[in-house]
Amino acid sequence: MKSILVTIVGVFCALTLFAGGVALAQTTNWMDELSSSVNFYKNRYPATDNVPANWDPYLSELTLMKKAAIRGDQETVRVGMAKWFKMLKDRDHGINPKAADELFRIAVLATPFEEYKIAVPK
């Protein structure tokens, strides 16, 4: 009887952890999509007017936001996305304007604005 109870509790715990992992993955999938997009444009547009672009701040910011989302820190994600959108709009770090515009559009489509209460960029 005791072994059956232990087995049931073990299965329940495993299912709970699995469900939590799936929910967490869904929470951060959009950030992974943005990171993949940044890497695509980083390879496609490594320079602007023969001046190397620095894509690392864009990827670093996404990494920080993903860690914050995993911790449940929605405020850091909200502030980070505002900063990320501003970097794109300002073409910070010498990124190609076409790449910035395309990434901006991708981010608008991928970002769960309501979930994190992120202001829709203009």
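Reply: Let's start with helix 3 (residues 74-90) and helix 4 (residues 97-110), whose axes come within 8 Å and cross at roughly 150 degrees. Keep in mind that this is a predicted model. Angles over 145 degrees count as roughly antiparallel, and helix 3 and helix 4 are therefore roughly antiparallel to each other. Their crossing is left-handed.

Which residues of helix 3 and helix 4 meet? From helix 3 you have Trp84, Phe85, Leu88 and Lys89, and from helix 4 come Ala100, Leu103, Phe104, Ala107 and Val108. Sorted by class, that contact has eight nonpolar residues, no polar ones and one charged one.

Now turn to the other partner of helix 3. Helix 2 (residues 56-71) packs with helix 3 at an angle of about 165 degrees, and the axes are 9 Å apart. That makes helix 2 roughly antiparallel to helix 3, and here again you have a left-handed crossing. On the helix 2 side, the contact is made by Pro57, Tyr58, Glu61, Leu62, Met65, Ala68, Ala69 and Arg71. Helix 3 brings Thr76, Val77, Gly80, Met81, Lys83, Trp84, Met87 and Leu88 to the contact with helix 2. By class, the contact of helix 2 with helix 3 comes to 11 nonpolar, two polar and three charged residues.

Glutamate 61 lies in helix 2, and with a relative accessible area of 11% glutamate 61 is buried, since buried means under 20%. What does the side chain of glutamate 61 join up with through a polar contact? The partner is the side chain of lysine 83, at 3.3 Å. Setting aside residues up to four places away in sequence, glutamate 61 touches Gly80, Lys83, Trp84 and Met87.

Next, tyrosine 116, which is found in helix 5 (residues 113-116). Is tyrosine 116 buried or exposed? At 2% relative accessibility, tyrosine 116 counts as buried. Leave out the neighbours within four places in sequence, and tyrosine 116 is in contact with Thr27, Trp30, Ala69, Gln74, Val77 and Arg78.

Proline 97 is partly exposed, with a relative accessible area of 38%. Apart from neighbours within four places in sequence, proline 97 is in contact with Thr48 and Arg91. Proline 97 and tyrosine 45 are 52 residues apart in sequence, while their C-alpha atoms are 9.7 Å apart in space.

The loop between helix 3 and helix 4 holds histidine 93. Histidine 93 isn't a glycine, yet its phi is positive, at about 70 degrees. This residue is partly exposed, with a relative accessible area of 38%. You'll find another positive phi at asparagine 50, near 65 degrees and again in a residue other than glycine. Asparagine 50 sits in the loop between strand 1 (47-48) and strand 2 (51-52). With a relative accessible area of 78%, asparagine 50 is exposed.

The chain has 122 residues, of which 33% count as buried. Glutamate 61 and tyrosine 116 are among the buried residues. Finally, take the contacts between residues at least 6 apart in sequence: 63% of them join residues at least 24 apart.

Notes: Residues are numbered from 1 along each chain as its sequence is written. This is a predicted model: local features need pLDDT of at least 70, side-chain atom pairs count only at pLDDT 80 or more; totals for chains, interfaces and linings use all residues. Side-chain values use heavy atoms; hydrogens and water are left out. Axes are lines fitted to C-alpha atoms, for helices over the stretch in contact, and angles run from 0 to 180 degrees between N-to-C directions. Helices (H or I, at least four residues) and strands (E, at least two) are DSSP runs, numbered from the N terminus. Angles under 35 degrees count as roughly parallel, over 145 as roughly antiparallel, 65 to 115 as roughly perpendicular and the rest as oblique. A crossing is left-handed if the near helix is turned anticlockwise from the far one by less than a right angle, and right-handed if clockwise. Contact means heavy atoms within 4.5 Å. Ala, Val, Leu, Ile, Met, Phe, Trp, Tyr, Cys and Pro count as nonpolar, Asp, Glu, Lys and Arg as charged, and the others, Gly among them, as polar. Buried means under 20% relative accessible area, exposed over 50%, partly exposed in between (1.4 Å probe, protein chains only). A polar contact is a pair of N or O atoms within 3.5 Å; within protein, one must be able to donate a hydrogen and the other to accept it, and residues adjacent in sequence count only if both atoms are side-chain atoms.
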